[in-house]
Structures are given as C-alpha cells and as structure tokens.
Amino acid sequence: MNRRAIVNVWGAEYSLGPRKILRGVDLTLRPGEIYGLLGASGAGKSALVGAICGRLKLTGGEVAVDGRDPRNDPAARAVLGLVPRKIALYERLTVSENLRAFGWFAGVRGRALREAVDLALRLTGARDRQHLPVRRLSDDDRRRASIAAAILHRPRLLVLDEPAAGMDAGARETLDAVIRTLREAGMAVLIVTRDLDHAAGLADRVGVLRQGRKLLEGAPGTLVAQAFGEEMEVLVHLAEAPDAIAESLLSSEGLARAGKDAIVWSRFDAEAHAIAERLDRRLREAGLATRKIEVRPPSLRSLLRLVADWREAA
Amino acid sequence: MTLAMFRVMALQFLRDPVALVSTLVLPPLVFLVWATRAGTGGEATIRAAATVSTLFVMIAAMRGALSLIDERDSGVADRILAGGAGTGPVINGKFLFLLVQGVVLAGAVFAAAQLVHDLPVTRRIWLWLATATVVSACAAGLALALAGACRGRRRAVLLSGAAILLFALAGEGLAPRVLATPWSPMLRWAAPNAWASEAYVAILQRGAGPATVWVAWAVLAAIGLAGLAVAHAVARR
C-alpha cells in the first residue's frame with residue numbers, strides 16, 4: 001500500500017478581515033488512516049477543510065492533496081470525495097438516480113458508473129433503498145446515501161463534515177462500520193466533528209483545534225495515557241448546585257467543576273477508588289445530596305477539559 | 001459535465017408535478033382564455049401567444065434557476081465543486097436545460113394557438129424555432145444571473161417577480177395610463193418580451209424572414225449571453 005501522505009498542510013493561516021481563523025496549522029493524513037479533526041464551533045475546522053477541498057484560499061501556508069494544489073489543480077480535487085454536513089442530495093430523485101448523477105459530475109460513465117454505483121451501495125449498505133426518493137428515506141439511510149454519493153469515483157481521500165450529527169447510537173454504529181470498511185479499502189478518511197466521543201472511538205489519530213491553533217494531535221488512547229498514566233477520574237454528580245460550604249469541601253478534596261453548572265465535579269488520581277469512598281462518607285456527613293459518585297478511566301473529553309483548565313489557570 | 005447537469009435538471013423537472021403543470025398545461029390554458037375572451041384573431045392572437053409564452057418562459061426559467069440557490073443551500077454545490085469539476089459546466093448545464101424548457105413551453109402555447117386559432121406556426125416552423133430559442137436563451141441567461149447574484153431564495157423570488165412584472169408592464173403596454181409618460185413607448189424596448197412579441201408577429205403575421213427579425217434575435221441573444229456571462233462571473237467569486 002502506498003503510504004505517501006495524501007494530505008499535507010504546512011502552516012495554514014487564514015484571516016477574515018482582522019479575525020485570524022487559522023494560525024499556522026500543520027496536518028498530515030496517510031492512506032488507510034482515519035483522522036478526527038476536533039474543535040468547538042469557530043475553532044477553524046471548516047476553514048481547514050475548505051482549504052483542503054480547494055474552496056478556500058489560505059492567506060499563508062500551503063496545502064497539497066496527492067502532492068498537488070487543490071485550489072488550482074482539478075486533478076487534486078478529483079482524488080477527494082466530500083460528504084457535506086447537510087445531506088446534499090437531490091431530494092426528488094431516487095438514491096440510485098442521485099448516485100448516477102454524482103457519478104456523471106465526477107466524470108464516471110457507462111459500465112464503470114454502473115459498477116461504481118453498485119459498489120457504493122454495497123459498501124454503505126444502501127442497496128435495499130436505492131429505488132426510493134431521497135426525501136422518503138430515514139435520516140440514517142439519507143446519511144448512507146450521502147456517503148455513497150461521495151465515493152463513486154473511488155476517491156483516495158474522503159472528507160466527512162459532522163457525519164454523526166443528530167444520529168442515535170445505533171445509526172452511529174452503522175456509520176462507523178461504513179467508515180471502517182472504507183478505511184480497509186485503503187481510503188484516507190478525514191472526519192470533522194465536535195463529538196469527542198465519536199472521534200475517540202473511531203479515529204486512528206485526532207487533532208484538536210482551538211482558536212485556529214492545533215492544540216493536540218495523536219492517537220486518542222496514547223494522548224490520554226500520556227496525560228493521565230495510571231490515574232482514573234472520580235466524578236461526583238450532585239443533586240443540586242452546591243452552596244459555598246459544599247464548594248469548599250469539594251475543593252478541599254481536590255475536585256474541580258467538570259461542567260458549567262457546578263453539578264458535576266471531578267478529580268484525576270491513581271487512588272481514585274479510595275478517594276471516591278472517602279468523598280462519599282464526607283459528603284453524607286455534610287448532608288450534601290449526591291446523585292452518584294463514579295470512578296471511570298479518563299477519556300479524550302477528560303483530557304481536553306484538563307487542557308482547558310490548564311490554559312485558564314495560565 | 002454540462003450534459004450531466006442537463007440530465008439532472010430534466011429528471012427533477014419530470015418528478016415535479018407543479019413544474020410540469022405550470023410549464024406544459026397552464027400557459028396554453030391562459031393563452032386560450034385570454035385569446036377567446038378578447039375575441040381576437042390574426043395579429044392580436046399572435047401577440048397574445050407571444051406575451052403569454054414569453055412571460056411564462058421567464059417564470060419557468062426563474063424557477064429552474066433557483067436550483068442554483070437550492071444547491072448552494074443544500075450542500076450539493078459543495079459536493080460537486082469538491083470534485084474535479086468547476087462551476088462552469090454547472091451553469092452551462094442549467095442554461096441548456098432552461099433553454100430547452102423554454103422552447104417546449106413556447107411550443108405548447110403556439111401549438112394551442114395553431115390548433116384553436118389556426119396560426120401558421122408549422123408553416124414557419126424554423127423561423128418560429130429560432131425565435132423561441134433566442135427568447136428562451138434570453139430568459140435563461142437573465143434568470144441565472146439573478147439567481148447567482150442573490151444570496152437567498154426569498155430575495156431571488158422577490159426580485160424576479162418584480163422584474164417580470166416590470167417587463168410585462170413596459171413590454172406589453174400593460175401599465176395603467178396614469179403611469180404613462182412621453183417616453184413610455186421608448187421604454188418598451190428595454191423589455192425583452194417586447195422584442196420577442198415583435199419577432200413572433202413579424203414571422204407569423206407579416207411573413208418576414210431573418211433579414212427583418214435579425215435585430216430582435218440579436219438583442220435577445222445578446223441579453224441571454226450577457227446574463228450567462230454574469231452568472232459565470234458570479235459563480236466563480
């Protein structure tokens with residue numbers, strides 16, 4: 001398998017008037033790899049994807065897709081398939097008509113198109129819905145059809161923008177299976193998402209953008225292990241927001257707010273179970289009602305919370 | 001790619017009952033009611049057919065051109081442009097479809113005119129076809145330029161409605177007398193439908209040939225091509 005990078009981004013910078021959207025972002029993506037590009041709204045994800053897809057002209061830095069400039073070279077754009085955030089299909093047309101149409105747009109014709117449509121329907125599991133108009137499909141089936149429409153020209157890079165938005169757990173598992181199948185076929189997959197848990201479960205590597213800068217990058221498990229080692233997370237779910245006395249008790253045990261509403265408090269420690277037992281006793285003695293106290297392994301979400309806390313403290 | 005967009009537009013058109021009725025059924029009906037109520041014949045009938053067909057061609061072109069905005073809003077445009085193709089073939093494919101749609105619509109109106117009022121359409125078919133083609137090209141170019149320039153569907157619908165109303169008032173002399181000015185007759189030639197009516201009347205009533213109607217054809221074709229050029233320029237932004 002060719003392991004030469006399919007996407008290279010060097011020091012990407014983009015400004016919109018005085019506002020800096022991207023500040024020197026680097027990114028490399030290789031065939032057969034799933035990369036999760038994470039970040040809150042306004043972090044610069046869409047700008048970076050726009051530059052990779054050739055829709056946006058960077059104000060600094062460079063982008064290469066398959067070694068070519070995607071903005072000026074159609075051959076670079078021809079190796080990528082985009083699954084936009086919206087379903088982006090013709091609602092009145094059936095799934096197979098849509099696939100034929102997007103095949104034509106991608107320059108696939110005749111027998112090659114018939115085979116491509118068949119393969120895309122098979123890979124995405126959308127075959128049994130191929131004769132239904134898109135507007136009559138469930139959200140899950142629409143998403144499958146949307147992915148199928150992006151892979152007809154056998155792209156080497158698939159970009160998915162918020163693919164799991166609004167999906168329930170079952171549909172998300174199906175989607176993940178489709179994406180893994182595509183990866184096994186050698187495709188590089190770039191998933192743009194705000195959903196940390198989804199990215200952590202699916203991606204081989206993640207990159208976290210914050211205010212236009214790349215904050216972290218690596219395999220989710222490795223990043224979490226490097227940051228926390230043997231530590232586990234103690235989470236206290238209070239029944240109601242604590243008063244000043246309760247807050248000082250929680251703080252004295254080294255807990256910090258895990259959310260904006262002060263209902264959930266957390267702490268990372270290698271002795272998490274012992275701390276949880278002690279906390280349970282002390283909170284009862286103080287008459288503070290809790291919904292539950294749990295100990296769990298830290299996640300990517302925990303890591304990002306920790307990083308955010310560090311930055312705030314700094 | 002141009003043909004691909006043409007095929008997609010055609011497929012969507014065939015799946016849309018409202019589009020089918022408003023293109024193939026409504027225009028001939030409106031013409032027949034108008035021509036019958038007026039008790040007209042000869043030139044007046046040709047003018048009625050020309051007015052009805054041209055205004056409906058403009059309305060149908062605008063409805064089709066709105067797909068530019070719909071595709072932008074739905075993400076379809078992003079999907080198409082992320083591949084190797086640019087915006088050019090998308091616009092050209094839509095232009096080609098709107099042109100064919102306009103000719104078919106005008107054909108439905110003039111077929112009704114020939115069947116009911118015995119207009120000599122088939123005897124002058126090539127000249128009629130050339131006129132219908134440039135009229136449709138004009139409407140397609142204008143509609144694509146307007147749709148391309150508007151950010152939202154609502155604004156495009158509002159502006160196109162206003163433009164078609166103004167064309168109808170100016171080009172067909174439908175403005176109330178209270179609004180008439182000394183230069184109103186001159187203003188008529190700013191409306192493409194006035195050129196279309198003159199061309200249809202010249203070829204079907206007066207038996208004129210290309211030597212007489214070429215100016216009208218040239219004006220309509222120039223407006224259409226200018227609109228197409230604007231649509232391309234706006235899409236490339």
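This is a predicted model: local features need pLDDT of at least 70, side-chain atom pairs count only at pLDDT 80 or more; totals for chains, interfaces and linings use all residues.
**Entry 1: two helices in chain B**

Helix α6 of chain B covers residues 125–149, and helix α9 of chain B covers residues 192–204. Their axes come within 10 Å and cross at roughly 175°. Angles over 145 degrees count as roughly antiparallel. The two helices, α6(B) and α9(B), are therefore roughly antiparallel to each other.

Next I listed who makes the contact. From α6(B) I noted Leu127(B), Trp128(B), Thr131(B), Ala132(B), Val135(B), Cys138(B) and Leu142(B). From α9(B) come Pro192(B), Ala196(B), Ala199(B), Tyr200(B), Ile203(B) and Leu204(B). I sorted the contact of α6(B) with α9(B) by class: twelve residues are nonpolar, one is polar and none is charged.

**Entry 2: where chain A meets chain B**

I turned to the interface. Here 25 residues of chain A are in contact with 23 residues of chain B. The two chains bury about 2,200 Å² between them, with 60% of it on carbon and sulfur atoms. Which three residues of chain A supply more of its buried area than any other three? I found Arg92(A), Trp104(A) and Phe105(A), with 33% of the area that chain A buries against chain B.

**Entry 3: polar links and the chain A side**

I checked for salt bridges across the interface and found three. I also noted that Asp78(B) and Arg55(A) meet in a salt bridge through their side chains, at 3.8 Å from N to O. Nine residue pairs are in polar contact across the interface.

On the side of chain A that touches chain B, α2, β5, α3 and α5 each supply at least two residues. The largest share, five residues, comes from α3(A). By class, I noted 17 nonpolar, two polar and six charged residues on this side of chain A.

Methods. Residues are numbered from 1 along each chain as its sequence is written. Chains are lettered from A and ligands numbered from 1 in the order in which they are written. Side-chain values use heavy atoms; hydrogens and water are left out. Contact means heavy atoms within 4.5 Å. Buried area is the accessible area (1.4 Å probe) that two parts lose on being put together, summed over both. A salt bridge is a side-chain nitrogen of Lys or Arg within 4 Å of a carboxyl oxygen of Asp or Glu. A polar contact is a pair of N or O atoms within 3.5 Å; within protein, one must be able to donate a hydrogen and the other to accept it, and residues adjacent in sequence count only if both atoms are side-chain atoms. Helices (H or I, at least four residues) and strands (E, at least two) are DSSP runs, numbered from the N terminus. Ala, Val, Leu, Ile, Met, Phe, Trp, Tyr, Cys and Pro count as nonpolar, Asp, Glu, Lys and Arg as charged, and the others, Gly among them, as polar. Axes are lines fitted to C-alpha atoms, for helices over the stretch in contact, and angles run from 0 to 180 degrees between N-to-C directions. Angles under 35 degrees count as roughly parallel, over 145 as roughly antiparallel, 65 to 115 as roughly perpendicular and the rest as oblique.
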